[in-house]
Amino acid sequence: MTLQMILALGILILMIVMIMSDKFAFGAPPLMACLLLVVTGLSTVQEAFAGFINPSVVMVAGFMVVMAGLMKTSLINNVQSAMVALVNKGGYKSYALLLVVVMLGASLAGAGSTGYYVLILSLVSTIPYNKKMPTSKLMMPLGFATNHPLIPFNVALFYGVTVSVLESAGYTGGLSMPRFAIVNFILALGFLAWSLVAYRLLPDHPIMQAAEDGVEVQETKAPVMPAWKEFITIAAFIISVIGMMLMSVLGNAAFVIPGIAGAILLIIDVLDFKEVRDNMGAPVIIMMAGVIGVADALANSGFTVMIGDVVAKTLGNNINPFILILIFALLTSTSATFTGSNMGSVYIFAPIAIATSMSLGLNPVAAAAAVVVSGWNGGYMPVDGMPAMILGMGKYKLPEFWMFSVPMYLIRILALCVGAMIMFPVNG
């Protein structure tokens, strides 16, 4: 390892330790880590703080403003009341139903949809504490559920990347999209199974004001606003969500659409400037922006590439195909978790996994499918957008977060690899 790799890895570990200590304000450790990157010469000021102009951060910050406006409409009260009804009903069946509903919604939004997970987390955060179903038991499962479509017909991104890495490695055997979708379905079932088991293990604490024991939660009624303002606010929300879901079509414009929508809400006085400022600069946004600089420094140091080279040399030729696929899925998802670069991690490890499979005389499609999808299924550390938001908005301590996220991670990766080998036999 070079000195740069050691320094970058050390700063990452220090940031994680600071987050674990609970002695620093949420969002502060990544900022301190960015400062250390500059002091140690690993990054320029522009590189270390690039996260604050990162398109995804700009998009989420703008959407937080739009969500703040939406929370004032009667529409959100209607949506919230449906969730609150299940919360008031309480019990395991209501919890399971909420999970299924969110996963069905993810079928439309697609896995990894920023707009969708921000929406669900924001909705959960508005529900007051209720002993029958504490919202701390909902924030993690429902947040991660947004990444798992129960009916995975919207898999175009993952499918396209898988085809790309296979073709770049010289494989011309094609890839069945229906089979690929079933792999994602098996992954979703693995997540659902763990979430149903984990309900009793999730912590019980308020994430906003508490309701008295035995008293049903009452949804918060938004102040009545003129009908025309409410119409514009709802339209701004719909346009923002559609814009984020069409990033591949709209390009850079998709990243700023939520910000423009938020500006419109400021102009028509749905929100005042303080509300806009507080939502755009929320601790969650600072956390997201700060970790990007750390992730970039780790990747630029060559640390991730070095790990890939070491693995390629040490695996050997007599490894079990399932173990081979599992190792690369674990490496890819872990790299994506700590660097924040899903696509970068996939393009580092997927070619190695495919080449290794082909050299062993195995069909490389299972390895390609598992490795590509695994790039979006880490999340056991809160150093990326959605996990960071879940940790902060759910007011979890890091051990509480790990209690759910680490088993979830392992179960998902195992289900993914099993599904890939079932649908794409390595000897086929």
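This is a predicted model: local features need pLDDT of at least 70, side-chain atom pairs count only at pLDDT 80 or more; totals for chains, interfaces and linings use all residues.
The charged end of Lys-137 is placed over the ring of Tyr-199, at 4.9 Å from the ring centre. The secondary structure of the protein consists of 21 helices and zero strands. Of its 428 residues, 54% count as buried. Among contacts with a separation of 6 or more, 82% are made by residues 24 or more positions apart. The accessible surface amounts to about 17,700 Å², and carbon and sulfur atoms contribute 69% of that area.

A pair of aromatic rings is described by the distance of the centres and the angle of the planes. In this model the count comes to 12 aromatic pairs. In one of them, the ring centres of Trp-194 and Phe-404 are 6.1 Å apart and the planes stand at 45°, so the pair is tilted. This pair links distant parts of the chain, with Trp-194 in helix H10 (residues 177-198) and Phe-404 in helix H21 (residues 398-423), 210 residues apart. Both Trp-194 and Phe-404 are buried. The two residues also belong to an aromatic cluster, which they form together with Phe-144 and Phe-401.

A further tilted pair is formed by Tyr-380 and Tyr-409, with 4.5 Å from centre to centre and 40° between the planes. Tyr-380 lies in the loop between helix H19 (365-374) and helix H20 (385-393), whereas Tyr-409 is in helix H21, so the pair ties together parts that are 29 residues apart in sequence. As with the previous pair, burial applies to both partners: Tyr-380 is buried, and Tyr-409 is buried too.

Helix H21 also holds Arg-412. How buried is Arg-412 in terms of relative accessible area? The value is 2%, and since the cut-off for a buried residue is under 20%, Arg-412 is buried. Its side chain reaches the backbone oxygen of Asn-377 at 3.1 Å. Leaving aside residues up to four places away in sequence, Arg-412 touches Asn-147, His-148, Leu-187, Phe-191, Asn-377 and Gly-378.

Helix H4 (residues 55-70) has 16 residues and reaches 22 Å from its first C-alpha to its last, close to the 22 Å expected at 1.5 Å a residue. Of these 16 residues, 13 are buried, so H4 is largely enclosed by the rest of the structure.

For helix H13 (residues 253-267), the 15 residues should span 21 Å at 1.5 Å a residue, and the end C-alpha atoms are 20 Å apart, which agrees. The buried residues of H13 include Ala-254, Phe-255, Ile-257, Pro-258, Ala-261, Gly-262 and Leu-265. Just after H13, Asp-269 adopts a positive phi of about 70°.

Helix H2 (residues 28-39) contains 12 residues that should span 16 Å at 1.5 Å a residue, and here the end C-alpha atoms are 17 Å apart, which agrees. Buried positions in H2 include Ala-28, Pro-29, Pro-30, Ala-33, Cys-34 and Leu-37.

Notes:
Residues are numbered from 1 along each chain as its sequence is written. Side-chain values use heavy atoms; hydrogens and water are left out. Rings of Phe, Tyr and Trp (its six-membered ring) pair if their centres lie within 6.5 Å; planes under 30 degrees apart count as stacked, over 60 as edge-to-face and the rest as tilted. Helices (H or I, at least four residues) and strands (E, at least two) are DSSP runs, numbered from the N terminus. Buried means under 20% relative accessible area, exposed over 50%, partly exposed in between (1.4 Å probe, protein chains only). A charge sits over a ring if NZ of Lys or CZ of Arg is within 6 Å of the ring centre and within 35 degrees of the ring normal. A polar contact is a pair of N or O atoms within 3.5 Å; within protein, one must be able to donate a hydrogen and the other to accept it, and residues adjacent in sequence count only if both atoms are side-chain atoms. Contact means heavy atoms within 4.5 Å. Accessible areas come from the Shrake-Rupley method with a 1.4 Å probe; for residues, only the protein chains shown count as cover. The expected span of a helix is 1.5 Å times one less than its number of residues.
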